[in-house]
Amino acid sequence: YVRKSVANNLNDISKTHPDLVVKIASEWYGNNEHTDWIVKHGCRTLLKKGNRDALSIFGFVDADCLNVGGFKLNAEYVSIGENMTFYFRIKAKRAARVRLEYGIDYLKANGKRNRKIFQISEMSLEENQEKTYMKTHAFANLSTRSHYPGIHSITLIVNGAEMGTLDFELLPAKSLTT
């Protein structure tokens with residue numbers, strides 16, 4: 001409980017003083033596996049925001065050593081309550097640590113957009129190693145998120161860098177009438 005509390009406090013501090021948390025993280029990381037977990041969990045917001053200094057602490061280099069291709073959606077539209085699948089592949093020009101995420105720019109009730117970042121994975125790739133991904137995202141309404149019809153976007157993020165954005169239309173939920 002104490003470790004999680006420290007990590008959560010670091011994460012809260014990172015929202016107003018990111019440089020301080022990066023300094024603490026760089027001093028603490030690599031000394032103990034428990035401390036490493038605290039630092040990683042405490043830097044989660046910085047990592048999601050693509051903070052270069054935070055990413056480098058954990059070995060995530062610039063995305064220029066990685067090729068991303070085949071980024072596509074299974075459909076141009078999806079209804080509220082359904083799933084959307086997207087695909088992509090990644091190939092390393094040289095050995096690298098990789099953090100894969102995607103962002104959904106949700107359309108809000110007021111017509112503005114709000115991005116939510118979702119992590120896919122973290123891994124190490126060897127030189128010339130290639131991986132192919134298929135990821136499904138659900139558009140079911142939740143107690144914490146309501147969906148609104150309109151144009152939404154999905155952005156593939158590799159080591160904090162945006163590698164492509166695709167638009168799709170979110171349609172109203174399908175009627176259950178027979």
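In which strand is Thr-85 found? Select Thr-85 and look at the element around it: this is strand E3, residues 83-92. Keep in mind throughout that the model is predicted.

**Stop 1: Thr-85**

Is Thr-85 buried or exposed? Its relative accessible area is 11%, and the limit for a buried residue is under 20%, so Thr-85 counts as buried. Now show the side chain of Thr-136 as well. The side chains of Thr-85 and Thr-136 are joined by a polar contact of 3.1 Å. Thr-136 is one of the residues that Thr-85 touches beyond four places in sequence; Met-134 and Lys-135 are on that list too, together with Lys-72, Leu-73 and Asn-74.

**Stop 2: the whole protein**

Zoom out and colour by secondary structure. There are five helices and eight strands. The C-alpha atoms fill a box of roughly 60 × 40 × 25 Å along the principal axes. Of the 178 residues, 39% count as buried. The accessible surface comes to about 10200 Å², and carbon and sulfur atoms hold 48% of that surface. Among contacts with a separation of 6 or more, 65% are between residues 24 or more positions apart.

**Stop 3: helix H3**

Select residues 33-42, which form helix H3. Which residues of this helix are buried? They are Asp-36, Ile-38, Val-39 and Gly-42. Turn the view until you look down the axis of H3: the buried residues fall within an arc of 160 degrees, so they line one face of the helix. In an α-helix there are 3.6 residues a turn, so residues three or four places apart point the same way.

Next, show what the buried residues of H3 pack against: helix H1 (2-14), helix H2 (18-28) and helix H4 (44-48). Then go to the N-terminal end of H3, which is capped by Asn-32. A side-chain oxygen of Asn-32 lies 2.6 Å from the backbone nitrogen of His-34.

**Stop 4: Trp-37**

Stay in helix H3 and select Trp-37. Trp-37 is partly exposed, with a relative accessible area of 41%. Apart from neighbours within four places in sequence, Trp-37 is in contact with Arg-3, Lys-4 and Ala-7. For a sense of distance, select Phe-88 too: Trp-37 and Phe-88 are 51 residues apart in sequence and 29 Å apart in space, C-alpha to C-alpha.

**Stop 5**

Val-2, which lies in helix H1, is exposed, with a relative accessible area of 64%.

**Stop 6: Asn-51**

Where is Asn-51? Look in the loop between H4 and helix H5 (52-57). A polar atom of the Asn-51 side chain lies 2.9 Å from the backbone nitrogen of Ala-54. Leaving out residues up to four places away in sequence, Asn-51 touches Pro-18, Val-22 and Leu-46.

Methods:
Residues numbered from 1 in each chain as written. Predicted model: local features only at pLDDT ≥ 70, side-chain atom pairs only at ≥ 80, totals over all residues. Heavy atoms only, no water. Buried < 20%, exposed > 50% of the residue type's maximum accessible area, 1.4 Å probe, protein only. Helix = DSSP H or I, 4+ residues; strand = E, 2+ residues; numbered from the N terminus. Arc of directions from axis to C-beta. Contact = heavy atoms within 4.5 Å. Polar contact = N/O pair within 3.5 Å; in protein donor to acceptor, adjacent residues only side chain to side chain. Areas by Shrake-Rupley, 256 points an atom, 1.4 Å probe, with all protein chains shown as cover.
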